[in-house]
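I opened my notebook to get to know a structure that was new to me. Here is what I looked up, step by step.

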Amino acid sequence: MTPSIAFIGVGNMARAIFSGLLASGYPAEKIIGTSRTPEKRDYYHDHYGIAMLAENELAVSQADVVVLCVKPAQMQSVVEDFAAQVREDQLFISVAAGIELEALSRWLNTDVAVVRSMPNTPSQLGAGMTGLIANHHTSAEQKSWVSELFSSIGHSVWVEEEEHMHTVTSLSGSAPAYFFRFLEAMVKSAAAQGLDEKTSRELASYAMLGAARMVIELDEPIAQLRKNITSPKGTTEQALLSFEASDIDTIVADAMTACSNRSKEMANDFSVQKNK
Ligand SMILES: NC(=O)C1=CN([C@@H]2O[C@H](COP(=O)(O)OP(=O)(O)OC[C@H]3O[C@@H](n4cnc5c(N)ncnc54)[C@H](OP(=O)(O)O)[C@@H]3O)[C@@H](O)[C@H]2O)C=CC1
Ligand SMILES: O=C(O)[C@@H]1CCC=N1
């Protein structure tokens, strides 16, 4: 039987996941979303054919699987408000950055299966990448269902240690934004060189897509793929020398460290020690 899935807090990430699921053939009548805003409830119901409710408690009571998609700062009060409805046979999946399994289990206040995920927005095109970790109440069968769920909207990887979820966040959860920022800078520079935005956007984004596909599909070191483009005394060499002059490794390492440090700070804010 197809499990019914409730998305608590329909915003960017929930929409990315359920639109990917719908595109992969998941039945709309098995998806429920919640939002406090009547216009948003009407919009998602009309555009995606899913049920939209105002009450999280009602959505949770009707679901086999509950995907928690509110902002990290809202998660505790949202979960504690419906915790009395939770059944032991349910499966909870959180997408929130920085909220650990221990905090989620504490707020759910039931011995229930909980999976912490870190997806990304390309999920809406079936091109997502999701890091996953489960608590000890999650069965092998539930884990396999979760893998299938995230595989229908892209790829997924289970990590062994929860600490690694901070790194996952900085490598794939937040990373589409880094690449968008890089593309914004490229399109801006092309405009300064006189090329129109539409053409620049197409050229740069297909170059990015093609490069990513080469990394994924060809079994070659990334540095070798770069060297294959870099003719001695050629054009690419000049661009790469400019990156090195700005110490690109440090720029990227600083950004990724800032990202995972923020995830750690958030985990600390909700930790059991902090809440004593
Ligand atoms: N955006 C991204 O790329 C990624 C986000 N995440 C995680 O996903 C989560 C959501 O982020 P994102 O989708 O970007 O945020 P959004 O603000 O777009 O979505 C959150 C939604 O929650 C709804 N909401 C807030 N409070 C309640 C409530 N009490 N009951 C029901 N719904 C509520 C809001 O709608 P309304 O006000 O109408 O109720 C809002 O649309 C975060 O925890 C984030 O860490 C993880 C990976 C990537
Ligand atoms: O910025 C954030 O906090 C979320 C988590 C990963 C992507 N967006």
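This is a predicted model: local features need pLDDT of at least 70, side-chain atom pairs count only at pLDDT 80 or more; totals for chains, interfaces and linings use all residues.

I began with the strands and found an open sheet of eight, with mixed pairing. Reading across, I noted the order β3-β2-β1-β4-β5-β6-β7-β8. At the edges I found β3 (51-53) and β8 (154-158), each pairing on one side only. From one strand to the next, I read a twist that averages 25°.

**Entry 2, a pair of strands.** Next I looked at β6 (residues 113-118) and β7 (residues 128-134), which run antiparallel and are joined by four bridges. Here I saw Ser 117 standing opposite Leu 132 in β7.

Which strands does helix α6 touch? I traced α6 (residues 140-151) packing on the sheet and touching β5 (91-94), β6, β7 and β8. I also noted that the direction of α6 makes about 145° with that of β8.

I then turned to ligand 1, which has 27 residues around it. Coming nearest are Gly 9, Gly 11, Arg 36, Thr 37 and Ala 96. Sorting the shell by class, I got 13 nonpolar, eleven polar and three charged residues.

Which residues surround ligand 2? I listed Ala 97, Thr 169, Gly 173 and Ser 174. By class, I wrote down one nonpolar, three polar and no charged residues for the shell around ligand 2.

How values were computed:
Residues are numbered from 1 along each chain as its sequence is written. Chains are lettered from A and ligands numbered from 1 in the order in which they are written. A residue is near a molecule or strand if its C-beta atom, placed from the backbone, lies within 6 Å of it. Ala, Val, Leu, Ile, Met, Phe, Trp, Tyr, Cys and Pro count as nonpolar, Asp, Glu, Lys and Arg as charged, and the others, Gly among them, as polar. Two strands pair if DSSP finds at least two bridges between them. Axes are lines fitted to C-alpha atoms, for helices over the stretch in contact, and angles run from 0 to 180 degrees between N-to-C directions. Two residues are in contact if their C-beta atoms, placed from the backbone, lie within 7 Å.
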